[in-house]
Amino acid sequence: MLLGCIGDDFTGSSDLGNTLAKAGMRVVQYSGTPARPAAPDVEAGIVALKSRTMPVADAVRLSLEALDWLRAQGCRQFLFKYCSTFDSTPQGNIGPVAAALANALNANRVIFCPAFPAAGRTIYQGHLFVGDCLLSESGMENHPLTPMTDPDLRRWLGQQVDEGVGHVPAATVLHGPDAVRAALRAQDHRFVVADAIRDEDLLVLGQAVSNEVLLTGGSGIALGLPGNFRAQGLSSAHGPQWRGQAGPAAVLSGSCSRATRGQVERHIAEGSPALEIDPRALLRDDMTARDAAAWALSQTGLPLVYSSADPDAVRAVQDHHGSQIVAARLDAFFAECARLLVAGGVTRLITAGGETSGAVVEGLSVDTLEIGPEIDPGVPAIRVRDNLVMALKSGNFGAEDFFAKAAARLEG
Ligand SMILES: Nc1ncnc2c1ncn2[C@@H]1O[C@H](COP(=O)(O)OP(=O)(O)O)[C@@H](O)[C@H]1O
Ligand SMILES: O=C(O)[C@@H](O)C(=O)COP(=O)(O)O
(Lines give C-alpha, C1' and ligand atoms only; values in the text may rest on other atoms or scores of the structure.)
(Ligands and ions follow the chains in the order given, each with its own letter.)
Protein backbone atom coordinates (compact mmCIF):
# COMPACT_ATOMS: atom_id res chain seq x y z
CA MET A 1 0.00 0.00 0.00
CA LEU A 2 1.39 3.40 -1.01
CA LEU A 3 -1.09 5.91 0.32
CA GLY A 4 -2.74 5.53 3.71
CA CYS A 5 -5.87 7.59 4.25
CA ILE A 6 -8.05 8.21 7.26
CA GLY A 7 -11.52 9.57 6.53
CA ASP A 8 -13.59 11.18 9.27
CA ASP A 9 -16.83 9.87 7.77
CA PHE A 10 -18.00 7.25 5.33
CA THR A 11 -19.35 9.35 2.46
CA GLY A 12 -16.27 11.56 2.61
CA SER A 13 -14.08 8.48 2.45
CA SER A 14 -15.87 7.22 -0.64
CA ASP A 15 -15.50 10.71 -2.17
CA LEU A 16 -11.74 10.42 -1.65
CA GLY A 17 -11.82 6.88 -3.03
CA ASN A 18 -13.56 8.22 -6.12
CA THR A 19 -10.81 10.81 -6.74
CA LEU A 20 -8.02 8.28 -6.34
CA ALA A 21 -9.75 5.57 -8.39
CA LYS A 22 -10.51 7.99 -11.23
CA ALA A 23 -6.84 8.88 -11.32
CA GLY A 24 -5.96 5.23 -11.69
CA MET A 25 -5.17 3.85 -8.25
CA ARG A 26 -6.61 0.64 -6.93
CA VAL A 27 -8.53 1.80 -3.86
CA VAL A 28 -10.25 -0.02 -1.04
CA GLN A 29 -12.24 1.68 1.70
CA TYR A 30 -12.36 -0.06 5.07
CA SER A 31 -15.11 0.36 7.61
CA GLY A 32 -13.01 1.15 10.66
CA THR A 33 -9.49 -0.16 11.21
CA PRO A 34 -9.32 -3.68 9.79
CA ALA A 35 -8.27 -6.59 11.97
CA ARG A 36 -6.45 -8.22 9.04
CA PRO A 37 -3.72 -7.05 6.64
CA ALA A 38 -4.80 -5.47 3.33
CA ALA A 39 -4.85 -7.45 0.08
CA PRO A 40 -1.45 -7.09 -1.62
CA ASP A 41 -2.72 -5.27 -4.72
CA VAL A 42 -4.31 -2.33 -2.83
CA GLU A 43 -2.45 0.91 -3.66
CA ALA A 44 -4.51 3.33 -1.59
CA GLY A 45 -6.30 2.25 1.56
CA ILE A 46 -8.90 4.44 3.23
CA VAL A 47 -9.86 3.71 6.80
CA ALA A 48 -13.30 5.27 7.16
CA LEU A 49 -14.18 6.34 10.68
CA LYS A 50 -17.32 7.89 12.02
CA SER A 51 -15.16 10.37 13.88
CA ARG A 52 -16.37 13.73 12.61
CA THR A 53 -18.75 14.35 15.46
CA MET A 54 -17.67 11.99 18.23
CA PRO A 55 -15.93 13.27 21.40
CA VAL A 56 -12.46 14.63 20.58
CA ALA A 57 -10.54 12.03 22.63
CA ASP A 58 -12.33 9.15 20.87
CA ALA A 59 -11.71 10.63 17.43
CA VAL A 60 -8.00 11.00 18.22
CA ARG A 61 -7.70 7.47 19.59
CA LEU A 62 -9.46 5.86 16.61
CA SER A 63 -7.44 7.94 14.12
CA LEU A 64 -4.15 6.89 15.74
CA GLU A 65 -5.23 3.24 15.63
CA ALA A 66 -5.98 3.64 11.92
CA LEU A 67 -2.60 5.28 11.40
CA ASP A 68 -0.80 2.37 13.08
CA TRP A 69 -2.54 -0.11 10.80
CA LEU A 70 -1.79 1.93 7.67
CA ARG A 71 1.86 2.21 8.69
CA ALA A 72 1.97 -1.54 9.14
CA GLN A 73 0.73 -1.89 5.52
CA GLY A 74 3.85 -0.03 4.32
CA CYS A 75 2.27 3.32 3.38
CA ARG A 76 4.69 6.09 2.46
CA GLN A 77 2.33 9.01 2.77
CA PHE A 78 -0.79 9.65 4.83
CA LEU A 79 -3.86 11.74 4.15
CA PHE A 80 -6.43 12.82 6.71
CA LYS A 81 -9.67 13.44 4.80
CA TYR A 82 -12.35 15.69 6.22
CA CYS A 83 -15.26 17.50 4.65
CA SER A 84 -14.90 20.04 1.85
CA THR A 85 -17.00 22.30 4.08
CA PHE A 86 -14.55 21.70 6.97
CA ASP A 87 -17.36 20.28 9.14
CA SER A 88 -16.19 20.58 12.74
CA THR A 89 -16.94 22.45 15.94
CA PRO A 90 -14.78 25.05 17.71
CA GLN A 91 -13.35 22.14 19.76
CA GLY A 92 -12.58 19.75 16.90
CA ASN A 93 -12.27 17.21 15.58
CA ILE A 94 -10.14 18.30 12.61
CA GLY A 95 -7.44 20.17 14.56
CA PRO A 96 -6.90 17.69 17.41
CA VAL A 97 -6.86 14.67 15.07
CA ALA A 98 -4.42 16.39 12.68
CA ALA A 99 -2.19 17.37 15.61
CA ALA A 100 -2.13 13.80 16.93
CA LEU A 101 -1.31 12.39 13.49
CA ALA A 102 1.38 15.03 12.91
CA ASN A 103 2.96 14.24 16.29
CA ALA A 104 2.92 10.52 15.59
CA LEU A 105 4.51 11.00 12.17
CA ASN A 106 6.92 13.80 13.18
CA ALA A 107 5.42 15.94 10.44
CA ASN A 108 6.67 19.50 10.62
CA ARG A 109 4.55 20.97 7.81
CA VAL A 110 0.93 19.97 7.35
CA ILE A 111 -1.36 21.58 4.82
CA PHE A 112 -5.09 22.03 5.29
CA CYS A 113 -6.96 22.29 2.04
CA PRO A 114 -10.63 21.25 1.88
CA ALA A 115 -11.12 22.79 -1.60
CA PHE A 116 -13.16 20.75 -4.09
CA PRO A 117 -13.81 23.04 -7.08
CA ALA A 118 -15.93 20.44 -8.94
CA ALA A 119 -18.40 20.66 -6.06
CA GLY A 120 -18.09 24.45 -5.78
CA ARG A 121 -15.79 24.52 -2.72
CA THR A 122 -12.90 26.93 -3.18
CA ILE A 123 -10.49 28.63 -0.80
CA TYR A 124 -9.29 32.19 -1.30
CA GLN A 125 -7.45 34.34 1.25
CA GLY A 126 -7.92 31.54 3.74
CA HIS A 127 -11.71 31.78 3.42
CA LEU A 128 -13.86 28.87 2.29
CA PHE A 129 -16.54 29.49 -0.32
CA VAL A 130 -19.40 27.24 -1.40
CA GLY A 131 -20.29 28.40 -4.90
CA ASP A 132 -20.45 32.18 -4.66
CA CYS A 133 -21.28 32.21 -0.92
CA LEU A 134 -19.00 32.27 2.05
CA LEU A 135 -19.19 28.98 3.96
CA SER A 136 -21.07 30.71 6.78
CA GLU A 137 -23.80 31.88 4.38
CA SER A 138 -24.05 28.69 2.34
CA GLY A 139 -26.58 26.81 4.46
CA MET A 140 -23.75 25.12 6.39
CA GLU A 141 -24.35 27.58 9.22
CA ASN A 142 -27.52 25.51 9.85
CA HIS A 143 -25.88 22.08 9.82
CA PRO A 144 -27.57 19.91 12.49
CA LEU A 145 -24.31 18.76 14.11
CA THR A 146 -21.48 21.01 12.90
CA PRO A 147 -22.86 24.47 12.11
CA MET A 148 -20.11 26.35 10.25
CA THR A 149 -20.46 29.96 11.27
CA ASP A 150 -17.01 31.31 10.32
CA PRO A 151 -15.59 31.02 6.79
CA ASP A 152 -12.00 31.88 7.80
CA LEU A 153 -10.32 28.48 8.03
CA ARG A 154 -7.27 29.90 9.81
CA ARG A 155 -9.47 31.28 12.56
CA TRP A 156 -11.72 28.20 12.80
CA LEU A 157 -8.79 25.76 12.89
CA GLY A 158 -6.95 28.12 15.26
CA GLN A 159 -9.70 27.58 17.86
CA GLN A 160 -9.19 23.81 17.70
CA VAL A 161 -5.41 23.69 18.23
CA ASP A 162 -2.86 25.17 20.64
CA GLU A 163 -0.69 26.60 17.88
CA GLY A 164 -0.77 29.29 15.21
CA VAL A 165 -2.02 28.59 11.72
CA GLY A 166 -0.16 29.78 8.62
CA HIS A 167 -1.40 30.44 5.09
CA VAL A 168 -0.25 29.87 1.53
CA PRO A 169 -2.21 32.32 -0.62
CA ALA A 170 -3.57 31.72 -4.11
CA ALA A 171 -1.01 34.16 -5.51
CA THR A 172 1.75 31.76 -4.45
CA VAL A 173 -0.08 28.65 -5.63
CA LEU A 174 -0.41 30.27 -9.09
CA HIS A 175 3.38 30.25 -9.31
CA GLY A 176 3.60 26.48 -9.11
CA PRO A 177 4.99 23.73 -6.86
CA ASP A 178 8.42 25.29 -6.25
CA ALA A 179 6.83 28.51 -5.02
CA VAL A 180 4.52 26.55 -2.72
CA ARG A 181 7.41 24.50 -1.35
CA ALA A 182 9.37 27.69 -0.66
CA ALA A 183 6.33 29.27 1.03
CA LEU A 184 5.86 26.18 3.19
CA ARG A 185 9.52 26.25 4.23
CA ALA A 186 9.19 29.93 5.14
CA GLN A 187 6.18 29.40 7.45
CA ASP A 188 6.54 29.96 11.17
CA HIS A 189 3.74 27.50 11.79
CA ARG A 190 3.43 23.74 11.40
CA PHE A 191 -0.21 23.94 10.24
CA VAL A 192 -0.85 25.85 7.04
CA VAL A 193 -4.12 26.57 5.25
CA ALA A 194 -3.58 26.51 1.47
CA ASP A 195 -5.75 28.40 -1.00
CA ALA A 196 -7.06 26.53 -4.06
CA ILE A 197 -9.58 27.79 -6.55
CA ARG A 198 -9.18 25.41 -9.49
CA ASP A 199 -8.30 21.75 -9.93
CA GLU A 200 -4.98 22.99 -11.36
CA ASP A 201 -4.22 24.57 -7.98
CA LEU A 202 -4.85 21.25 -6.26
CA LEU A 203 -2.51 19.52 -8.70
CA VAL A 204 0.16 22.13 -7.89
CA LEU A 205 -0.35 21.61 -4.15
CA GLY A 206 -0.27 17.83 -4.61
CA GLN A 207 3.06 18.07 -6.41
CA ALA A 208 4.43 20.52 -3.85
CA VAL A 209 3.72 18.16 -0.96
CA SER A 210 4.87 14.96 -2.65
CA ASN A 211 7.54 14.54 0.04
CA GLU A 212 5.43 15.55 3.03
CA VAL A 213 4.47 12.57 5.16
CA LEU A 214 1.06 13.97 6.18
CA LEU A 215 -1.51 15.98 4.23
CA THR A 216 -5.00 16.97 5.23
CA GLY A 217 -7.94 18.12 3.19
CA GLY A 218 -10.99 17.25 1.17
CA SER A 219 -10.88 14.76 -1.68
CA GLY A 220 -9.47 17.48 -3.97
CA ILE A 221 -6.09 17.47 -2.28
CA ALA A 222 -5.67 13.89 -3.52
CA LEU A 223 -6.02 14.84 -7.20
CA GLY A 224 -2.27 15.06 -7.78
CA LEU A 225 -1.16 12.18 -5.56
CA PRO A 226 -1.62 9.25 -7.98
CA GLY A 227 0.55 11.16 -10.49
CA ASN A 228 3.27 11.57 -7.84
CA PHE A 229 3.37 7.83 -7.22
CA ARG A 230 3.36 7.10 -10.96
CA ALA A 231 6.21 9.58 -11.53
CA GLN A 232 8.20 7.58 -8.98
CA GLY A 233 7.37 4.35 -10.85
CA LEU A 234 5.38 3.09 -7.87
CA SER A 235 1.90 2.83 -9.34
CA SER A 236 0.52 1.93 -12.75
CA ALA A 237 -2.72 3.52 -13.94
CA HIS A 238 -5.79 1.31 -14.23
CA GLY A 239 -9.40 2.47 -14.09
CA PRO A 240 -11.78 1.03 -11.49
CA GLN A 241 -13.39 -2.26 -12.51
CA TRP A 242 -17.14 -2.50 -12.32
CA ARG A 243 -19.66 -5.30 -12.53
CA GLY A 244 -23.29 -4.13 -12.32
CA GLN A 245 -25.74 -5.59 -9.85
CA ALA A 246 -29.32 -6.56 -10.69
CA GLY A 247 -32.04 -6.76 -8.04
CA PRO A 248 -34.19 -4.50 -5.86
CA ALA A 249 -32.93 -1.06 -4.91
CA ALA A 250 -33.78 1.33 -2.04
CA VAL A 251 -32.71 4.74 -0.75
CA LEU A 252 -32.20 5.74 2.90
CA SER A 253 -31.72 9.44 3.60
CA GLY A 254 -31.00 11.08 6.96
CA SER A 255 -29.25 14.03 5.36
CA CYS A 256 -30.81 17.45 5.89
CA SER A 257 -28.40 19.25 3.56
CA ARG A 258 -29.76 21.42 0.79
CA ALA A 259 -28.75 19.15 -2.08
CA THR A 260 -30.35 16.10 -0.45
CA ARG A 261 -33.56 17.97 0.26
CA GLY A 262 -33.71 18.88 -3.44
CA GLN A 263 -33.18 15.23 -4.39
CA VAL A 264 -35.92 14.11 -2.01
CA GLU A 265 -38.31 16.71 -3.47
CA ARG A 266 -37.51 15.62 -7.01
CA HIS A 267 -38.03 11.95 -6.14
CA ILE A 268 -41.45 12.73 -4.66
CA ALA A 269 -42.40 15.10 -7.52
CA GLU A 270 -41.72 12.28 -9.98
CA GLY A 271 -44.22 10.08 -8.16
CA SER A 272 -41.62 7.65 -6.81
CA PRO A 273 -42.48 5.95 -3.48
CA ALA A 274 -41.32 7.87 -0.41
CA LEU A 275 -41.86 7.39 3.33
CA GLU A 276 -41.11 10.33 5.62
CA ILE A 277 -39.76 9.48 9.06
CA ASP A 278 -40.54 11.88 11.89
CA PRO A 279 -37.87 11.48 14.62
CA ARG A 280 -40.55 12.16 17.25
CA ALA A 281 -42.47 9.09 16.05
CA LEU A 282 -39.26 7.05 16.37
CA LEU A 283 -38.67 8.32 19.90
CA ARG A 284 -42.25 7.36 20.81
CA ASP A 285 -41.87 3.96 19.07
CA ASP A 286 -44.83 4.86 16.84
CA MET A 287 -42.59 4.09 13.86
CA THR A 288 -39.95 1.36 13.79
CA ALA A 289 -37.31 0.19 11.33
CA ARG A 290 -39.39 -2.95 10.84
CA ASP A 291 -42.41 -0.85 9.72
CA ALA A 292 -40.28 1.23 7.35
CA ALA A 293 -38.47 -1.76 5.86
CA ALA A 294 -41.75 -3.65 5.37
CA TRP A 295 -43.16 -0.60 3.57
CA ALA A 296 -40.07 -0.31 1.32
CA LEU A 297 -40.01 -4.01 0.47
CA SER A 298 -43.66 -3.86 -0.60
CA GLN A 299 -43.08 -1.04 -3.13
CA THR A 300 -42.37 -1.22 -6.81
CA GLY A 301 -39.87 1.22 -8.26
CA LEU A 302 -37.29 2.90 -6.07
CA PRO A 303 -38.53 3.37 -2.48
CA LEU A 304 -37.07 6.21 -0.42
CA VAL A 305 -37.16 6.26 3.40
CA TYR A 306 -36.15 9.70 4.61
CA SER A 307 -35.94 11.88 7.69
CA SER A 308 -34.47 14.78 5.69
CA ALA A 309 -36.10 17.98 6.89
CA ASP A 310 -35.55 21.71 6.65
CA PRO A 311 -33.51 23.62 9.26
CA ASP A 312 -36.54 24.90 11.23
CA ALA A 313 -37.99 21.42 11.62
CA VAL A 314 -34.58 20.02 12.60
CA ARG A 315 -34.04 22.77 15.18
CA ALA A 316 -37.49 22.24 16.71
CA VAL A 317 -36.88 18.51 17.24
CA GLN A 318 -33.35 19.07 18.54
CA ASP A 319 -34.47 21.80 20.97
CA HIS A 320 -37.10 19.51 22.36
CA HIS A 321 -35.17 16.22 22.61
CA GLY A 322 -31.46 17.12 22.36
CA SER A 323 -29.45 16.75 19.15
CA GLN A 324 -27.36 13.77 20.33
CA ILE A 325 -30.46 11.80 21.31
CA VAL A 326 -32.13 12.52 18.00
CA ALA A 327 -28.97 11.65 16.05
CA ALA A 328 -28.44 8.39 17.94
CA ARG A 329 -32.08 7.35 17.40
CA LEU A 330 -31.95 8.15 13.69
CA ASP A 331 -28.61 6.35 13.24
CA ALA A 332 -29.98 3.24 14.96
CA PHE A 333 -33.16 3.42 12.88
CA PHE A 334 -31.33 3.67 9.53
CA ALA A 335 -28.83 0.94 10.49
CA GLU A 336 -31.62 -1.47 11.42
CA CYS A 337 -33.66 -0.51 8.37
CA ALA A 338 -30.66 -1.26 6.11
CA ARG A 339 -30.15 -4.67 7.74
CA LEU A 340 -33.81 -5.55 7.21
CA LEU A 341 -33.80 -4.31 3.61
CA VAL A 342 -30.72 -6.34 2.72
CA ALA A 343 -32.12 -9.38 4.53
CA GLY A 344 -35.32 -8.82 2.52
CA GLY A 345 -33.46 -8.98 -0.81
CA VAL A 346 -32.30 -5.43 -1.57
CA THR A 347 -29.07 -5.62 -3.56
CA ARG A 348 -28.60 -1.94 -4.47
CA LEU A 349 -28.63 0.40 -1.51
CA ILE A 350 -28.23 4.17 -1.75
CA THR A 351 -27.67 6.22 1.39
CA ALA A 352 -27.61 10.00 1.75
CA GLY A 353 -25.69 11.77 4.51
CA GLY A 354 -22.34 11.13 6.14
CA GLU A 355 -23.56 10.17 9.61
CA THR A 356 -26.40 8.19 8.11
CA SER A 357 -24.13 6.31 5.69
CA GLY A 358 -21.69 5.54 8.50
CA ALA A 359 -24.48 4.14 10.64
CA VAL A 360 -25.74 2.03 7.73
CA VAL A 361 -22.34 0.62 6.75
CA GLU A 362 -21.52 -0.19 10.37
CA GLY A 363 -25.00 -1.66 10.83
CA LEU A 364 -24.48 -3.95 7.85
CA SER A 365 -21.16 -5.13 9.35
CA VAL A 366 -19.41 -4.44 6.09
CA ASP A 367 -15.65 -4.26 6.40
CA THR A 368 -14.31 -3.76 2.87
CA LEU A 369 -15.75 -1.55 0.14
CA GLU A 370 -14.29 -1.65 -3.35
CA ILE A 371 -14.45 1.73 -5.07
CA GLY A 372 -15.95 1.65 -8.57
CA PRO A 373 -16.77 4.31 -11.17
CA GLU A 374 -18.17 7.76 -10.45
CA ILE A 375 -21.95 8.36 -10.37
CA ASP A 376 -21.81 12.12 -9.78
CA PRO A 377 -18.82 14.24 -8.67
CA GLY A 378 -17.60 12.88 -5.34
CA VAL A 379 -19.86 9.81 -5.28
CA PRO A 380 -18.63 6.47 -6.61
CA ALA A 381 -20.42 3.18 -7.08
CA ILE A 382 -19.19 0.72 -4.44
CA ARG A 383 -19.17 -3.05 -4.35
CA VAL A 384 -19.62 -4.38 -0.86
CA ARG A 385 -19.92 -8.09 -1.59
CA ASP A 386 -21.17 -10.48 -4.22
CA ASN A 387 -24.81 -9.49 -4.00
CA LEU A 388 -24.64 -5.98 -2.58
CA VAL A 389 -23.59 -2.68 -4.11
CA MET A 390 -23.99 0.76 -2.59
CA ALA A 391 -23.64 4.49 -3.16
CA LEU A 392 -22.84 6.62 -0.11
CA LYS A 393 -23.86 10.15 -1.03
CA SER A 394 -22.47 13.10 0.86
CA GLY A 395 -25.20 15.47 1.98
CA ASN A 396 -24.42 18.24 -0.45
CA PHE A 397 -23.37 16.17 -3.44
CA GLY A 398 -25.23 14.89 -6.45
CA ALA A 399 -27.58 16.27 -9.09
CA GLU A 400 -31.32 16.52 -8.36
CA ASP A 401 -31.98 13.20 -10.08
CA PHE A 402 -29.23 11.50 -8.08
CA PHE A 403 -31.31 8.71 -6.53
CA ALA A 404 -32.64 7.38 -9.84
CA LYS A 405 -29.30 7.90 -11.54
CA ALA A 406 -27.43 6.03 -8.79
CA ALA A 407 -29.86 3.11 -8.92
CA ALA A 408 -29.34 2.83 -12.69
CA ARG A 409 -25.57 3.22 -12.45
CA LEU A 410 -25.29 0.55 -9.77
CA GLU A 411 -27.21 -1.84 -12.02
CA GLY A 412 -25.40 -1.11 -15.25
N1 LIG B 1 -35.86 15.16 10.79
C2 LIG B 1 -34.75 15.39 11.52
N3 LIG B 1 -34.81 16.15 12.63
C4 LIG B 1 -33.71 16.41 13.36
N5 LIG B 1 -32.48 15.97 13.03
C6 LIG B 1 -32.37 15.22 11.94
C7 LIG B 1 -33.48 14.88 11.13
N8 LIG B 1 -33.06 14.10 10.11
C9 LIG B 1 -31.74 13.97 10.28
N10 LIG B 1 -31.30 14.64 11.37
C11 LIG B 1 -29.92 14.75 11.86
O12 LIG B 1 -29.16 15.30 10.84
C13 LIG B 1 -27.93 14.59 10.73
C14 LIG B 1 -27.55 14.61 9.27
O15 LIG B 1 -26.25 14.19 9.18
P16 LIG B 1 -25.69 13.40 7.95
O17 LIG B 1 -26.32 12.07 7.81
O18 LIG B 1 -24.21 13.43 8.12
O19 LIG B 1 -26.13 14.28 6.71
P20 LIG B 1 -25.26 15.36 5.92
O21 LIG B 1 -24.23 14.57 5.20
O22 LIG B 1 -26.22 16.03 5.04
O23 LIG B 1 -24.64 16.24 6.96
C24 LIG B 1 -28.24 13.20 11.23
O25 LIG B 1 -27.17 12.61 11.91
C26 LIG B 1 -29.36 13.43 12.22
O27 LIG B 1 -28.82 13.56 13.51
O1 LIG C 1 -15.68 16.58 1.25
C2 LIG C 1 -16.90 16.49 1.14
O3 LIG C 1 -17.67 17.45 0.95
C4 LIG C 1 -17.51 15.13 1.31
O5 LIG C 1 -16.62 14.13 0.96
C6 LIG C 1 -17.92 14.95 2.72
O7 LIG C 1 -17.11 14.64 3.57
C8 LIG C 1 -19.30 15.29 2.99
O9 LIG C 1 -19.79 14.84 4.24
P10 LIG C 1 -21.36 14.75 4.48
O11 LIG C 1 -21.99 15.99 3.91
O12 LIG C 1 -21.54 14.64 5.96
O13 LIG C 1 -21.84 13.54 3.78
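UniProt, in an unreviewed entry, places the feature "domain: Four-carbon acid sugar kinase N-terminal" at residues 3-224. UniProt positions are in the numbering used here, feature names are shortened, and annotations may be inferred rather than shown by experiment. Before going on, some ground rules. This is a predicted model, where local features need pLDDT of at least 70, side-chain atom pairs count only at pLDDT 80 or more, and totals for chains, interfaces and linings use all residues. Residues are numbered from 1 along each chain as its sequence is written, chains are lettered from A and ligands numbered from 1 in the order in which they are written, and side-chain values use heavy atoms, with hydrogens and water left out.

Back to residues 3-224. That span is 33% helix and 21% strand. Its end C-alpha atoms are 12 Å apart. Helices here are DSSP runs of H or I with at least four residues, strands are runs of E with at least two, and both are numbered from the N terminus.

Now the second annotation. For residues 250-403, UniProt lists "domain: Four-carbon acid sugar kinase nucleotide binding", again from an unreviewed entry. This span is 45% helix and 24% strand. Its end C-alpha atoms lie 9 Å apart.

On to ligand 1. Which residues are closest to ligand 1? They are His143, Ser255, Ser257, Glu355 and Thr356, out of 19 that surround it. A residue counts as near if one of its heavy atoms lies within 4 Å.

Look at the polar contacts, meaning pairs of N or O atoms within 3.5 Å; within protein, one must be able to donate a hydrogen and the other to accept it, and residues adjacent in sequence count only if both atoms are side-chain atoms. Ser257 puts a polar side-chain atom 2.5 Å from an oxygen atom of ligand 1. Glu355 uses a polar backbone atom, at 2.7 Å from a ligand 1 oxygen. Thr356 uses a side-chain N or O atom, 2.7 Å from an oxygen of ligand 1. Taken alone, ligand 1 exposes 570 Å², and the protein buries 94% of that. Those areas come from the Shrake-Rupley method with a 1.4 Å probe; for residues, only the protein chains shown count as cover.

Helix H13 (323-343) and helix H14 (354-363) each supply at least two residues of this shell. Domain 1 (3-231) and domain 2 (249-411) each give at least three. Those bounds come from an automatic or database domain assignment.

One residue deserves a stop: Lys50. It sits in the loop between strand S3 (44-48) and helix H2 (56-72). Is Lys50 buried or exposed? Buried, because its relative accessibility is 15%, and buried means under 20%, exposed over 50%, partly exposed in between (1.4 Å probe, protein chains only). Its side chain makes polar contacts with the side chains of Asp331, at 2.8 Å, and Glu355, at 3.1 Å.

Finally, ligand 2. It has 14 residues around it, and Thr11, Asp15, Arg52, Lys81 and Ser84 come nearest. A polar side-chain atom of Asp15 lies 2.6 Å from a ligand 2 oxygen. For the side chain of Ser84, an N or O atom is 2.5 Å from an oxygen of ligand 2. Gly395 comes in through a backbone N or O atom, at 3.1 Å from a ligand 2 oxygen. On its own, ligand 2 has 350 Å² of accessible area, and the protein covers 94% of it. Helix H1 (residues 10-22) gives the largest share of the shell, three residues.

Where does ligand 2 lie? Domain 1 (3-231) and domain 2 (249-411) both give residues to its shell, so ligand 2 lies between them.
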